[in-house]
Amino acid sequence: MNERATLKINGKGHLEIGGMDAVDIAEKYGTPLYVFDEEHIRNMMRVYRDTIEKEYGGNGLVLFASKAFSCMAIYKIAAEEKIGVDVVSGGELYTAVKAGFPVEKAVMHGNNKLLPELELALDNKIGVVVIDSYKEADVLDKLASERKIVQKVMLRINPGVEAHTHAFVQTARTDSKFGFSISDGAAKSITEHVLGKKNLKLLGYQCHIGSQIFEKQSFVLAVGKVMDFMSEIKSELGFEAEALNVGGGFGIWYNDEDPKLKLSDYADFVKTMIDAIKEKAARNSLKLPFLYMEPGRSIVGEAGVTLYTVGAIKDIPGIKKYVAIDGGMFDNPRYALYQSKYSVILANRATEECTEVVTVAGKCCESGDLIAVDVPLPEAKSGDIMAVFSTGAYNYSMASNYNRNFIPAAILVKNGKADYIIKPQTYDDLIRNDVLPDRLK
Ligand SMILES: Cc1ncc(COP(=O)(O)O)c(C=O)c1O
């Protein structure tokens, strides 16, 4: 684990999160359960916000990419920390609105935003919409005109930078469903198109090169390419962008193939990017753009730990030992999607030596329903509490009721206290929207 003051092994040899013993948590709240460390979330939000303040004179806004973890509590925390959010659907926006989030600090993304989503965004006075298609630009201009407003927009563009990460989470290659490419002239054409819209105000450009990235150089390269493009647009079209959105993508620790980053390392990422922006602006005679960045995974990822109870154990001699838990791909589909790697411990026997290598399997009717493959553990017994680290991002938000399993509840822990932020589902929740038409009664 990436140990910190709020994530450690206590004197009983148990995992402790936010001052609470994980075994006590499991007993009180049941498993499977998502546990979120509030202090870590706030510290991560602050490190981005404060670095922009310190290194860029506060000329920017951190947007929490809420696709990583969307629920009312997280929008409330973001608001308290005075940062913005990025939303990618009507559902995320609605959740933010219901949490009382100041929507002028929200930015909306999506490669195929639906009409009702754009309407909801405008009706709630969204700060910025990041346009990703001609059709969207046309629709948005019309909606803005009907409302007699001028909507602030940015354009999602592809600088053509390939970050070293999983192909499914690389997004800024020329072959991507997202954004307009710089290299084939698409980014310039859409700029001209949007500049011609009376009810849209183009602020500048957004790019997002991928996720789970550790190389600062990838970000520097992307920033450089976008700023060069901004300079080209200034001289060719006379439009000088006033804002630049560099997306998210900073990596976190999942297992020991990943570095264990500290808060200061994230500050360093941001500073490196800011330095690159300053240098490019000076070289290209551009004014310093207002800076947006959209970290998601790095804000909530390591703040989350999922607790499970060990159930069936199946040893296939000479082949594999499966340790089954009471969760699975319905609460964490990331192994099934990306073969993502996770680190696991027995939270109730955290100081015991690992004596075997096992595969942690879920309870769904799918052979691919695995959580961690070939991981070291002490000999697990039915009833042990298993903790899977770094499950705060893209776990709850990707969860489903597959096999009509319950999406686990989530609690927020801080200073030895816990509160539900997502309450447990019941069987009635599962059939809430089911309907039996007359002919089936
Ligand atoms: C446009 C955009 N911004 C931000 C993010 C957040 O990225 P991460 O969670 O890696 O920081 C994503 C993730 O897919 C994204 O598509």
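Me: Which domains does the domain assignment give this protein?

Reply: The assignment gives domain 1 (7-30 + 303-431) and domain 2 (38-300). Keep in mind that this is a predicted model.

Me: How far apart are the C-alpha centres of domain 1 and domain 2?

Reply: The two centres lie 32 Å apart. The domains also touch. Domain 1 puts 19 residues into the contact, and domain 2 puts in 20 residues.

Me: Which strands supply at least two residues each to the side of domain 1 that touches domain 2?

Reply: Look at β20 (409-414) and β21 (417-422). Of the elements on that side, β20 gives the most, with 3 residues. Sorted by class, the side of domain 1 that touches domain 2 has 10 nonpolar, 7 polar and 2 charged residues.

Me: Now the helices. How do I read a packed pair?

Reply: Two numbers describe two packed helices: the angle between their axes and the distance between the axes.

Me: Which residues of α8 and α9 make the contact?

Reply: From α8 come Lys216, Phe219, Val220, Val223, Gly224 and Met227. From α9 come Phe269, Thr272, Met273, Ala276, Ile277, Lys280 and Ala281. By class, this contact of α8 with α9 has 9 nonpolar, 2 polar and 2 charged residues.

Me: At what angle do the axes of α2 and α9 cross?

Reply: Helix α2 (residues 38-56) and α9 cross at roughly 35 degrees, and their axes come within 9 Å. α2 passes α9 in a right-handed crossing.

Me: Which residues do α2 and α9 bring to their contact?

Reply: α2 brings Asn43, Val47, Tyr48, Thr51, Ile52, Glu55 and Tyr56. α9 brings Leu263, Tyr266, Ala267, Val270, Lys271 and Ile274. The contact of α2 with α9 has 9 nonpolar, 2 polar and 2 charged residues.

Me: Give me another pair. How do the axes of α5 and α6 cross?

Reply: Helix α5 (residues 115-123) and helix α6 (residues 134-146) cross at roughly 40 degrees. Their axes come within 11 Å. That angle makes α5 oblique to α6. The crossing of α5 and α6 is right-handed.

Me: What makes the contact between α5 and α6?

Reply: On α5, find Leu115, Leu118, Glu119 and Leu122. On α6, find Val139, Leu140, Leu143 and Ala144. The classes are 7 nonpolar, no polar and 1 charged residues.

Me: What should I know about backbone angles?

Reply: Most residues other than glycine have a negative phi, and most peptide bonds are trans. Now check two places in this model.

Me: Which residues does the cis peptide bond join?

Reply: The cis bond joins threonine 31 and proline 32, with omega about -10 degrees. Proline 32 sits in the loop between α1 (22-29) and β4 (33-37).

Me: What is the phi of lysine 148, and is its value positive or negative?

Reply: Phi of lysine 148 is near 55 degrees, a positive value in a residue other than glycine. Lysine 148 is in the loop between α6 and β9 (151-158).

Note on methods. Residues numbered from 1 in each chain as written. Predicted model: local features only at pLDDT ≥ 70, side-chain atom pairs only at ≥ 80, totals over all residues. Contact = placed C-beta atoms within 7 Å. Helix = DSSP H or I, 4+ residues; strand = E, 2+ residues; numbered from the N terminus. Nonpolar A, V, L, I, M, F, W, Y, C, P; charged D, E, K, R; others polar. Domains from an automatic or database assignment. Axes fitted to C-alpha atoms, helices over the stretch in contact; angles between N-to-C directions. Parallel < 35°, antiparallel > 145°, perpendicular 65-115°, else oblique. Left-handed = near helix turned anticlockwise from the far one by under 90°.
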